Amino acid sequence: MTNVTVNNQESTPLRRAGGWQAVLLLAGSCMPVLGSVLITPVLPQLSAHFADVPASEILVPMIVAIPALIIAIFAPFAGQIVDRLGRKTLLIIAMFAYAVVGTAPAWLEGLPEILLSRVLVGVCEAAIMTVCTTLIVDYFHEERRRNKYLGLQTVTTTLAATVFIILGGALGVGGWHTPFWVYAVSIVIAVPMIFSLWEPTPAEAGDTRVETVAKTRIPWRRIAVPLVVTLFGGFTFYVIIIEASYLVVGTGVAATDTATIGLVAAIASLATAIGGLIFARLRRLRAGSLTPVAFALQAIGMLVIWVVPGLAGIIIGAVIASFGAGLLLPSLVTWVVATTTFEDRGRVTGWWTAAFFLGQFLTPILMGAIGAGVGGLSAAVGIVGIAAGVVAVLVWFATRRKGAPVAAA
């Protein structure tokens with residue numbers, strides 16, 4: 001962290017974030033990913049353990065799904081707190097609370113108690129994701145640095161998801177309780193956050209106005225369309241992540257052949273990371289301009305999965321669609337927050353987080369309904385691809401008509 005001085009009325013020295021602050025915020029951004037994927041390898045164990053519990057076939061999968069729903073519900077409230085009470089305090093409290101409620105199932109035995117702890121995990125994740133994204137934009141408000149770190153946020157969380165799945169599977173050998181202890185890692189991240197992060201002032205967050213307003217209205221007219229697109233983007237982003245293993249098995253690969261299934265998932269995950277990394281390296285970019293490109297790539301990949309038979313079609317299509325997903329996530333964030341002010345940034349980011357994670361929660365529900373309607377999973381993926389193509393065209397016209405701001409070189 002270095003200090004720079006700006007020429008304003010008081011010549012106040014401003015703090016400037018560096019790589020260490022970025023590392024902490026990117027690490028914090030991985031916590032919601034940890035919540036959604038870590039325990040997926042032990043779901044069969046959980047299903048067997050709670051087989052005698054009424055409606056366990058529905059309730060056990062909710063252990064994984066419910067945090068995403070809670071994030072969608074509570075992220076806007078986290079955004080309100082961020083803008084009214086500050087960023088850092090909420091982040092630190094949420095990180096320590098996350099360790100407590102996240103590890104709770106390691107010693108809990110009842111399914112209702114575990115589900116309650118997962119609700120609280122979602123509340124913490126809503127705060128963590130909202131604050132981390134807000135602080136990335138605050139600390140790295142110049143467009144070039146903002147694009148870099150929002151892109152790296154996608155790269156980091158995608159790679160972390162792969163690591164967490166592997167880690168959850170390895171620890172699951174010791175029983176379904178064991179993986180939950182990994183949630184304590186948030187304490188390791190929270191401690192240096194206390195000493196290395198700070199509450200930014202409007203000037204440090206890139207707001208150069210002499211006077212600021214204590215509370216501003218959320219710019220609904222400007223962000224309504226991007227939020228609706230983000231809801232759909234959250235859905236398409238998770239289609240390949242959730243359905244890849246089922247698509248592979250559908251080609252004739254045995255469900256017990258976890259090596260092949262895991263390899264395809266890892267290849268798709270790597271393609272997502274590459275997409276995010278490419279976004280991070282872009283220098284001059286109109287906010288939201290890559291969103292239609294990202295949707296178009298998802299559409300192409302999903303259509304390949306539909307029309308090209310066999311495992312080769314699944315791999316090729318998953319790579320193309322996942323690369324588009326890697327471009328999509330940071331592009332959506334940039335589109336929404338590019339013109340926010342310091343006073344409304346937390347609330348806007350909270351609503352963006354809510355829209356994206358609601359799309360994630362709806363993915364298995366919608367894919368199940370579409371699959372039942374069209375008679376197969378690969379056809380359902382193809383239908384989603386067609387929808388992504390239509391959205392790509394609509395967003396392209398929307399961004400051209402509204403003239404989104406251009407990032408500085």
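The legends below walk through several close-up views of a predicted model.

**A note on the model.** Because the model is predicted, local features are given only at pLDDT of at least 70 and side-chain atom pairs count only at pLDDT 80 or more, while totals for chains, interfaces and linings use all residues. Residues are numbered from 1 along each chain as its sequence is written, and side-chain values use heavy atoms, with hydrogens and water left out.

**Figure 1. The whole chain, for orientation.** Welcome to the overview. The chain contains 14 helices and 2 strands; these are DSSP runs, with helices being H or I of at least four residues and strands E of at least two, numbered from the N terminus. Of its 409 residues, 53% count as buried, where buried means under 20% relative accessible area, exposed means over 50%, and partly exposed lies in between (1.4 Å probe, protein chains only). The accessible surface comes to about 17200 Å², and carbon and sulfur atoms hold 70% of that; such areas come from the Shrake-Rupley method with a 1.4 Å probe, and for residues only the protein chains shown count as cover. Among contacts with a separation of 6 or more, 84% join residues 24 or more positions apart, a contact being heavy atoms within 4.5 Å.

**Figure 2. Helix α6 along its length.** Helix α6 takes in residues 111-139, 29 residues in all. From its first C-alpha to its last it reaches 41 Å, close to the 42 Å expected at 1.5 Å a residue; the expected span is 1.5 Å times one less than the number of residues.

Figure 3. How many salt bridges does a search of the whole structure find? The search finds 1, with a salt bridge taken as a side-chain nitrogen of Lys or Arg within 4 Å of a carboxyl oxygen of Asp or Glu. Here the side chains of R87 and D138 meet, at 2.7 Å from N to O. This pair links distant parts of the chain: R87 sits in the loop between α4 (56-85) and α5 (88-103), D138 belongs to helix α6, and they are 51 residues apart. In general, side chains of opposite charge can pair when their charged atoms come close. Both partners are covered: R87 is buried at a relative accessible area of 2%, and D138 is buried at 0%.

Figure 4. The structure holds 0 disulfides, a disulfide being a pair of cysteine sulfur atoms within 2.5 Å. C132 is in no disulfide, and the nearest cysteine sulfur, that of C30, is 9.2 Å away. C132 is buried, with a relative accessible area of 0%. C124 is buried too, with a relative accessible area of 9%.

Figure 5. Now to helix α13 (residues 345-374), where T349 lies. Is T349 buried or exposed? T349 counts as buried because its relative accessibility is 1%. Which residues does T349 contact, leaving aside neighbours within four places in sequence? They are T130, T133, T134 and V337. With T134 there is also a polar contact between the two side chains, at 3.5 Å; a polar contact is a pair of N or O atoms within 3.5 Å, where within protein one must be able to donate a hydrogen and the other to accept it, and residues adjacent in sequence count only if both atoms are side-chain atoms.

Figure 6. P105 is found in the loop between α5 and α6. Its relative accessible area is 0%, so P105 is buried. Not counting residues up to four places away in sequence, P105 touches I114, S117, W176, H177 and F180. The C-alpha atoms of P105 and R118 are separated by 8.7 Å, and these residues are 13 apart along the chain.

**Figure 7. P292 in helix α11.** Helix α11 (residues 291-307) contains P292, which counts as buried at 7% relative accessibility. Leaving out residues up to four places away in sequence, P292 touches A392, V395 and W396. P292 and A398 are 106 residues apart along the chain, with 9.8 Å between their C-alpha atoms.

Figure 8. The side chain of Q21 reaches the backbone nitrogen of G18 at 2.9 Å. At 3% relative accessibility, Q21 counts as buried.
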